[in-house]
Amino acid sequence: MGLFGLFRGKSDIERLEQEAASNPSAATLAALAERYQAEGNVTRALETAKRAVESYPESDRARNAYQTIRRLQMQNRIVELQRRIEHDPVPGDFEVLANLFYHDLGNHDKAMDLIRRGLASFPKSEGLHFLDGQIRFDRFHSEFIARDGAKSIEHLTEAVRLNPQNYRAILLLARMYGEIGLTQQAREQIAALRRLAPNDETVNAFEKALPPEPLFGDLDDALSAAEQGRGVPPGASAVAALFGVRSAVQRPAADPTQIQAILKSLVDPPWSLGAFAFSTEGQNLGFEVRPDLDGPAWQQALIAIHRTAEVASRRMDIGNFHTGTLDCPTRRIHMRERGTLVMALVARSNSRANEVEAALSHALESF
Amino acid sequence: MRDVLLELNREVGIKGSMVLTRDGIVVASELGPGLDNDTVAAIASSVVQAFNATLGPLKQSPFFKFIFTAAHGRMVFVATGEAYVAVVLNKDIKIDVSMLSIEGAARRIRNMTEIRL
């Protein structure tokens with residue numbers, strides 16, 4: 001960097017530092033972290049990116065900045081592991097790289113891709129089965145999707161079959177069963193834990209917290225109940241409390257007056273033709289439309305579109321639907337889910353996508 | 001058509017792609033590891049058919065493009081003449097860059113089908 005570039009870089013950093021102090025938005029913190037990284041100040045880059053992610057866990061901008069910085073720092077290690085995987089892999093290479101992507105970079109997709117590739121070549125890798133089970137376990141606790149729970153149990157069971165001494169896998173398995181109310185299966189795992197660690201206090205507390213009787217007859221019923229309730233069933237709340245498990249979402253206070261006021265404000269912009277709110281279960285929560293839009297027909301269609309997307313998303317094994325944009329001949333539909341609330345905007349087809357998205361995003365922040 | 005899909009799949013973050021008609025019949029498919037052809041075909045087919053059936057009465061059918069993001073991934077559908085290109089993507093990528101490639105592939109497929117007709 002030349003002298004001029006050095007001064008410009010410093011003034012950029014000072015400006016961003018001032019902005020981050022007065023208005024620490026996700027974008028400002030991410031930009032500041034990237035500037036530190038560009039200047040070679042690795043420690044501050046990582047600290048700032050971490051602060052961005054912790055303050056704004058749902059911000060793509062913050063997450064991308066953090067992942068990029070971490071990735072740059074780990075570049076040599078990643079390249080070396082990728083090279084080994086391409087040429088002469090052992091199960092441990094997939095495991096280490098997947099772990100690195102999952103735990104250090106927070107990139108679940110990449111970690112899962114690596115695990116799939118690894119298991120295709122090494123189906124008896126205890127480590128890969130454990131990691132798959134662990135990621136599914138974490139995913140289950142973020143959205144309580146039945147498929148994640150079932151896959152977590154499947155891979156953890158396989159990890160334990162391959163290595164009956166795998167304490168962490170048995171513990172996660174016991175927790176899965178306990179948290180979904182399958183008391184008997186949880187007790188069997190607790191007995192296995194006791195054989196490995198007879199004096200573990202957590203295991204004793206865990207057994208006491210289990211519901212005395214099973215809450216469901218089989219795994220499918222138990223997982224379906226968790227998915228429908230988006231959380232641990234009430235009968236297993238003591239187990240959930242012991243391990244600090246929270247329900248997937250806090251139900252938004254669906255105050256009809258507040259929703260209607262927000263819908264009204266969303267119809268004001270010239271690009272907007274209608275604003276709609278409904279629950280993830282398909283309950284109509286209100287709409288505001290311009291005179292040329294058939295409100296009830298659009299509301300019904302939007303609920304059906306959301307339902308189709310939600311089902312597709314789950315069957316694709318990519319979790320719950322979050323956002324969608326649908327371009328039609330003369331309309332553009334933007335849809336966004338927050339908790340159990342879905343808001344949709346029907347806009348003119350020539351509207352600016354980022355403007356509509358910003359309005360929708362801002363509206364949902366009110367809940 | 002498969003060559004176009006294979007080239008598209010080489011883009012960062014794209015896990016697989018397929019071409020299907022408006023009535024949900026898969027014409028070509030190139031999916032990466034971990035994606036089951038029958039499952040993705042059934043899902044893509046149901047999205048295309050259900051959306052167009054829903055949008056028909058509102059005079060908004062057929063749809064041109066659908067991008068949806070879920071907790072752990074993305075799917076994109078782009079109309080290409082009488083068919084759609086359906087693409088499965090990672091969530092952690094810049095969608096704008098991927099869209100250029102997807103729309104380019106859709107144009108190439110449209111040109112192919114038009115020449116054949």
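Modeller: A residue is called buried when its relative accessible area is under 20%, exposed when that area is over 50%, and partly exposed in between. Please keep in mind that the model is predicted.

Colleague: Then is G133(A) buried or exposed?

Modeller: The relative accessible area of G133(A) is 0%, which is under the 20% limit, so G133(A) is buried.

Colleague: In which helix is G133(A) found?

Modeller: G133(A) belongs to helix α8 of chain A, which covers residues 126-143.

Colleague: And which residues does G133(A) touch?

Modeller: Not counting residues up to four places away in sequence, G133(A) touches S152(A), H155(A) and L156(A).

Colleague: How far apart are G133(A) and E355(A)?

Modeller: In sequence, 222 residues separate G133(A) and E355(A), and in space the C-alpha to C-alpha distance is 40 Å.

Colleague: Let us move to M112(A). Where is M112(A) found?

Modeller: M112(A) sits in helix α7 of chain A, residues 108-121. Its relative accessibility is 4%, so M112(A) counts as buried.

Colleague: With which residues is M112(A) in contact?

Modeller: Leaving aside neighbours within four places in sequence, M112(A) contacts D132(A), I135(A), R136(A) and R139(A). As for F101(A), that residue is eleven residues from M112(A) in sequence, and their C-alpha atoms are 9.2 Å apart.

Colleague: A change of topic: helix packing. At roughly what angle do the axes of α4 and α5 of chain A cross?

Modeller: The axes of α4(A), residues 60-73, and α5(A), residues 75-87, cross at roughly 75° and come within 4 Å of each other. Angles of 65 to 115 degrees count as roughly perpendicular, so that term applies to α4(A) and α5(A).

Colleague: Which residues make the contact?

Modeller: From α4(A) there are R71(A), L72(A) and Q73(A), and from α5(A) there are Q75(A), I78(A) and Q82(A). By class, the residues of this contact are two nonpolar, three polar and one charged.

Colleague: Now the backbone. Which peptide bond is cis, with omega near -5°?

Modeller: That is the bond from S61(B) to P62(B). P62(B) lies in the loop between α2, residues 37-55, and β3, residues 65-70, of chain B.

Colleague: What phi does K59(B) have?

Modeller: The phi of K59(B) is positive, about 60°, although K59(B) is not a glycine. K59(B) is found in the loop between α2 and β3 of chain B.

Colleague: And is K59(B) buried or exposed?

Modeller: K59(B) is exposed, with a relative accessible area of 69%.

Colleague: What about D317(A) and its phi?

Modeller: D317(A) is not a glycine, yet its phi is positive at about 65°. D317(A) lies in the loop between α16 (295-315) and β3 (321-327) of chain A. With a relative accessible area of 11%, D317(A) is buried.

Colleague: Let us finish with whole chains. How many helices and strands has chain B?

Modeller: Chain B has three helices and five strands. Read from the N terminus, the order is α-β-β-α-β-β-β-α. The radius of gyration of chain B is 13 Å, close to the 13 Å given by the globule rule for 117 residues, so chain B is as compact as a globular protein of that length. Its C-alpha atoms fill a box of roughly 35 × 35 × 30 Å along the principal axes.

Colleague: What share of chain B is buried, and what is its accessible surface?

Modeller: Buried residues make up 57% of the 117 residues in chain B. The accessible surface of chain B is about 5,200 Å², and 53% of it belongs to carbon and sulfur atoms.

Colleague: And how many helices and strands has chain A?

Modeller: Chain A contains 17 helices and five strands. Along the principal axes, the C-alpha atoms of chain A fill a box of roughly 70 × 65 × 40 Å. Of its 367 residues, 47% count as buried. Chain A exposes about 17,400 Å², with carbon and sulfur atoms supplying 50% of that area.

Methods:
Residues are numbered from 1 along each chain as its sequence is written. Chains are lettered from A and ligands numbered from 1 in the order in which they are written. This is a predicted model: local features need pLDDT of at least 70, side-chain atom pairs count only at pLDDT 80 or more; totals for chains, interfaces and linings use all residues. Side-chain values use heavy atoms; hydrogens and water are left out. Axes are lines fitted to C-alpha atoms, for helices over the stretch in contact, and angles run from 0 to 180 degrees between N-to-C directions. Helices (H or I, at least four residues) and strands (E, at least two) are DSSP runs, numbered from the N terminus. Angles under 35 degrees count as roughly parallel, over 145 as roughly antiparallel, 65 to 115 as roughly perpendicular and the rest as oblique. Contact means heavy atoms within 4.5 Å. Ala, Val, Leu, Ile, Met, Phe, Trp, Tyr, Cys and Pro count as nonpolar, Asp, Glu, Lys and Arg as charged, and the others, Gly among them, as polar. The radius of gyration is taken over C-alpha atoms; the globule rule is 2.2 Å times the number of residues to the power 0.38. Buried means under 20% relative accessible area, exposed over 50%, partly exposed in between (1.4 Å probe, protein chains only). Accessible areas come from the Shrake-Rupley method with a 1.4 Å probe; for residues, only the protein chains shown count as cover.
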